[in-house]
Amino acid sequence: MPPSIPHPLPLHFHLLAVVASLAGIAGWARAGAIGVNWGTASSHPLPPPKVVELLRSNNVSRVRLSDADPDVLLSLSDSGIAVTVGIPDLMLRTLNSSRKAAESWVHDNVTRYFPAGGPRVRIEYVAVGNEPFLSTHGDQFYPYILGAATQIQAALTKANLGSKVKVVVPCSFDAFQSESNLPSEGHFRPDINKTMIQLLTFFSEHRSPFFVSILPFLSFHQSKNISLDFALFKGTARPHNDSHRIYKNSFDLSYDTLVTALYNAGFPQMEIVVAQIGWPTDGAANATSVIAEDFVKGLVDHMHTKTGTPLRPRNPPSEVYILSLLDEDQRSTSAGNFERHWGVFTFDGQAKYNVDLGQGSRKLWNAQNVEYLSSRWCVVNDNKDLSNSTASALDACSVADCTAVSPGGSCYDIGWPRNVSYAFNSYYQQHDQRPDSCYFGGLGLITTVDPSTDTCRFAVGLWTSHSSILVLPQLLLMSSLFTTILMGFVFLT
């Protein structure tokens with residue numbers, strides 16, 4: 001961000017600060033609750049009861065789901081954990097035009113978990129869509145979002161749940177912007193502004209909060225004006241000045257840009273929930289467990305102080321959901337290979353670093369009694385001609401997760417042919433260690449000797465596997481990842 005030139009603060013900016021400050025007094029007591037995102041885009045997902053056990057053992061009180069998986073919701077029964085269930089973007093068009101479809105969805109995914117004797121699952125929000133305003137989606141989803149939200153609200157009201165479950169719409173980090181990177185000039189994107197105002201009116205009428213993703217990791221990578229220290233809440237970071245308002249971290253900068261956008265849209269007191277915020281641990285430069293720990297600790301400490309931001313002093317977001325609880329090896333990599341490594345825990349529930357998710361000063365509790373496949377790995381057979389092994393590895397990576405061996409990944413430096421072994425093993429584990437999944441034209445070899453290094457883990461899969469039903473969708477998502485992996489293999493061979 002360029003140094004700001006001192007100038008009188010616009011009148012509306014003074015009024016915004018006053019209104020936000022008054023709103024903060026009312027919101028003080030419940031501000032800053034920490035939750036987590038629980039995604040299930042994994043070829044070998046940790047069984048839902050194990051995940052709930054993990055959540056409860058670490059005193060996590062809130063969880064946001066990307067869908068309404070019945071196995072996941074049943075596992076959350078009587079847990080006391082507050083739940084946000086999600087509706088996929090692909091359902092928005094149908095829900096927009098069909099009252100019956102909305103009523104059916106609410107019955108199947110919400111009402112059934114509210115028996116007469118009391119709520120079995122503590123569902124608090126229905127998230128309609130998953131970032132439908134994302135700029136890369138164009139107008140594929142957002143024209144249907146208001147209608148879909150209205151239909152879901154009506155269905156909840158009909159089921160006598162209108163006052164118990166709120167309808168929200170998760171909005172992407174690029175739904176609002178500031179050309180100068182200054183919060184005082186924040187506004188919603190012009191192409192979605194009309195729809196956004198209509199949606200904000202809906203939220204205001206039903207007292208629903210504004211769900212938003214704030215991702216300082218992306219801000220750091222996309223802007224030369226955001227330093228790593230500034231993104232990580234470091235006291236050594238150079239502060240940014242916006243007309244005499246001092247910003248000491250990237251989160252406050254983004255948050256107040258949204259606050260100004262809401263003010264300019266006519267909703268200065270709109271409650272904000274940060275639906276996604278985190279730092280990945282692999283798949284890109286500066287994506288490591290050490291840096292992720294610094295970021296999440298800085299964020300949690302910032303929330304616990306309840307100091308708020310320059311435009312909303314003493315009024316931090318009412319809830320914050322860490323992205324994410326677990327790594328997901330089937331998550332789309334269209335934004336980057338790091339997308340599969342947001343987890344505070346590995347895919348099998350082992351903590352990558354320590355942070356207070358609700359458990360206080362003690363260390364995070366790992367998942368217990370996890371059931372793995374046999375201690376077997378698939379590696380290249382050094383006794384074979386390996387001249388064509390890279391092609392076989394690329395075939396494996398077109399289906400399996402090889403993000404760790406891409407440039408910037410934790411396994412990028414293991415060299416050839418170990419990177420080929422990594423690809424072979426990833427494919428082998430994803431396919432439940434079937435003997436034929438380690439063939440690769442005779443180049444594969446099954447071993448009981450762990451090929452992992454100090455910095456590169458060759459994982460063993462879990463017993464539960466959805467790989468057979470995920471292969472086709474995954475092939476459709478792999479083009480950008482395939483290109484990146486190809487660069488890595490070509491460079492290292």
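This report walks through the fold, the cores and the salt bridges of the protein chain.

Keep in mind that this is a predicted model, where local features need pLDDT of at least 70, side-chain atom pairs count only at pLDDT 80 or more, and totals for chains, interfaces and linings use all residues. Numbering starts from 1 along each chain as its sequence is written, and side-chain values use heavy atoms, with hydrogens and water left out.

**The chain as a whole**

The protein chain has 15 helices and 14 strands; these are DSSP runs numbered from the N terminus, with helices (H or I) of at least four residues and strands (E) of at least two. Of its 493 residues, 56% are buried. Here buried means under 20% relative accessible area, exposed over 50%, and partly exposed in between (1.4 Å probe, protein chains only). Take the contacts (heavy atoms within 4.5 Å) with a separation of 6 or more: 74% of them are between residues 24 or more positions apart. The accessible surface comes to about 20,700 Å², and carbon and sulfur atoms account for 54% of that; the areas come from the Shrake-Rupley method with a 1.4 Å probe, and for residues only the protein chains shown count as cover.

**Cores**

A nonpolar core is a set of buried Ala, Val, Leu, Ile, Met, Phe, Trp, Tyr and Cys residues joined through side-chain atoms within 4.5 Å. The largest one has 109 residues, and Leu76, Val128, Ile152 and Phe210 have the most contacts inside it. If you click on phenylalanine 210, look for contacts that include Cys171, Phe188, Met196, Leu258 and Ile272. There is also a second, separate core of 24 residues, with Ala393, Val405, Tyr422 and Cys438 among them.

**Helix H5 and its surroundings**

Which residues of helix H5 (residues 99–109) are buried? They are Ala102, Trp105, Val106 and Asn109. Seen down the helix axis, they fall within an arc of 95 degrees, so they line one face of H5; the arc is that of the directions from the axis to the C-beta atoms. Cover for these residues includes helix H3 (70–75), strand E3 (82–87), helix H4 (92–97), strand E4 (122–128) and helix H6 (145–158).

Strand E4 holds glutamate 124, which counts as buried at 19% relative accessibility. Its side chain makes a polar contact with the side chain of arginine 62 at 2.3 Å. Such a contact is a pair of N or O atoms within 3.5 Å; within protein, one must be able to donate a hydrogen and the other to accept it, and residues adjacent in sequence count only if both atoms are side-chain atoms.

**Salt bridges**

The count is 15 salt bridges, each being a side-chain nitrogen of Lys or Arg within 4 Å of a carboxyl oxygen of Asp or Glu. Here are some of them:

| Pair | Closest N and O atoms |
|---|---|
| Glutamate 103 and lysine 158 | 3.2 Å |
| Lysine 297 and glutamate 293 | 3.1 Å |
| Arginine 457 and aspartate 348 | 2.7 Å |

Glutamate 103 in helix H5 and lysine 158 in helix H6 are 55 residues apart. Glutamate 103 is partly exposed at 22%, while lysine 158 is exposed at 58%. Lysine 297 and glutamate 293 sit four residues apart in helix H11 (residues 289–305), about one helical turn.

Arginine 457, in the loop between strand E14 (444–447) and helix H14 (467–477), pairs with aspartate 348, in the loop between strand E12 (319–322) and strand E13 (377–380), so the bridge ties together parts 109 residues apart in sequence. Arginine 457 is partly exposed at 40%, whereas aspartate 348 is buried at 0%. Finally, salt bridges with shared partners join Arg62, Arg122, Glu124 and Glu319 into one network.

Conventions
Lists of a residue's contacts leave out its neighbours within four places in sequence.
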